[in-house]
Amino acid sequence: MSHLLIVEDDELLRDGLCAQLTHAGHNVSSASDGAQAQALLESTRFDAVILDLGLPVVDGVAVLKWIRQRLAALPVLVLTARDGIDDRVQGLNAGADDYLTKPFDMAELQARLQAMLRRSRMPAFGGSLEVLGATSRRLRVDPHLPLAWLDDDSIELTHREWSLLSLLVSNLGQVVGREDVLAVWQSEPLESGTGGSNALEVYVHRLRRKLQDSGLAIRNVRGLGYMLELTTA
Ligand code: CA
């Protein structure tokens with residue numbers, strides 16, 4: 001059973017969502033403004049948040065940014081009545097995992113929510129991620145925040161670099177398929193200047209540079225994907 005937080009100021013919609021998602025077997029809490037949501041998030045562990053963007057007291061985009069600074073891996077599904085592309089980009093840039101425009105279909109919301117919860121339970125986001133490179137340097141990846149360290153030196157990572165690295169580390173010595181990476185990325189914030197079909201190669205290239213001297217290498221397995229392995233040299 002997942003513990004969900006629904007943040008919505010429209011009482012009718014909030015009550016409807018609570019009733020339906022409770023009926024679907026979730027444990028549901030709710031908040032009617034951004035400040036109430038922040039208070040709940042500080043005191044309680046949730047598996048996912050359904051967040052309206054237009055909220056009183058503290059705006060939804062501000063709540064989303066606040067969540068990303070503290071709980072980077074917490075899945076957030078954004079709801080909004082706004083339909084401008086600018087708002088959509090703003091929401092995704094602020095760190096929404098998925099996005100629905102009102103009015104939405106309840107079955108679609110449930111499907112998106114399930115997909116989001118399933119992704120967040122992937123092993124890449126589970127326990128501690130640690131690997132010892134061939135040069136005996138230790139690479140550690142934080143399972144919740146976009147942070148990693150080589151011994152005690154922190155490695156600067158964007159959110160996408162971090163999720164790619166998490167996947168590679170948790171599958172050390174095994175091929176991670178392009179689709180697997182793209183499926184995880186689909187749920188993540190956009191990063192500017194990195195779109196297009198070569199995006200994955202760009203990120204792999206960047207990670208390779210950051211892992212220089214780590215004793216670890218990202219091998220391109222033609223037609224299949226990428227694999228993290230110990231360097232042999
Ligand atoms: Ca609203």
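A salt bridge is taken here as a side-chain nitrogen of Lys or Arg within 4 Å of a carboxyl oxygen of Asp or Glu. In the predicted model, the count by this rule comes to 12 salt bridges. The mean pLDDT of the protein chain is 84, with 86% of the residues at 70 or more, whereas pLDDT stays under 50 over residues 124-128.

The salt bridge between Asp 98 and Arg 112 has an N to O distance of 2.9 Å, and this pair links distant parts of the chain, with Asp 98 in strand E5 and Arg 112 in helix H5 (residues 106-120), 14 residues apart. Asp 98 is buried because its relative accessible area, 17%, is under 20%, while Arg 112, at 24%, is partly exposed.

Strand E5 (98-101) is also an edge strand, as is strand E2 (27-31), of an open sheet of 5 strands that pair in parallel in the order E2-E1-E3-E4-E5. The twist from one strand to the next averages 20 degrees. Strand E4 (residues 76-80) is joined to E5 by 4 bridges, and Leu 79 has Leu 100 in E5 as its bridge partner. Helix H1 (residues 11-23) lies across E1, E2, E3 and E4, running at about 170 degrees to E2.

A further salt bridge is formed by Arg 219 and Glu 229, at 3.1 Å from N to O; Arg 219 belongs to strand E11 (residues 216-221) and Glu 229 to strand E12 (residues 225-230), 10 residues apart. Arg 219 is partly exposed at 40% relative accessibility, as is Glu 229 at 23%. Salt bridges with shared partners also join Glu 8, Asp 52 and Lys 102 into one network.

Note on methods. Residues are numbered from 1 along each chain as its sequence is written. This is a predicted model: local features need pLDDT of at least 70, side-chain atom pairs count only at pLDDT 80 or more; totals for chains, interfaces and linings use all residues. Side-chain values use heavy atoms; hydrogens and water are left out. pLDDT is the predictor's confidence in each residue, from 0 to 100. Contact means heavy atoms within 4.5 Å. Two strands pair if DSSP finds at least two bridges between them. Helices (H or I, at least four residues) and strands (E, at least two) are DSSP runs, numbered from the N terminus. Axes are lines fitted to C-alpha atoms, for helices over the stretch in contact, and angles run from 0 to 180 degrees between N-to-C directions. Buried means under 20% relative accessible area, exposed over 50%, partly exposed in between (1.4 Å probe, protein chains only).
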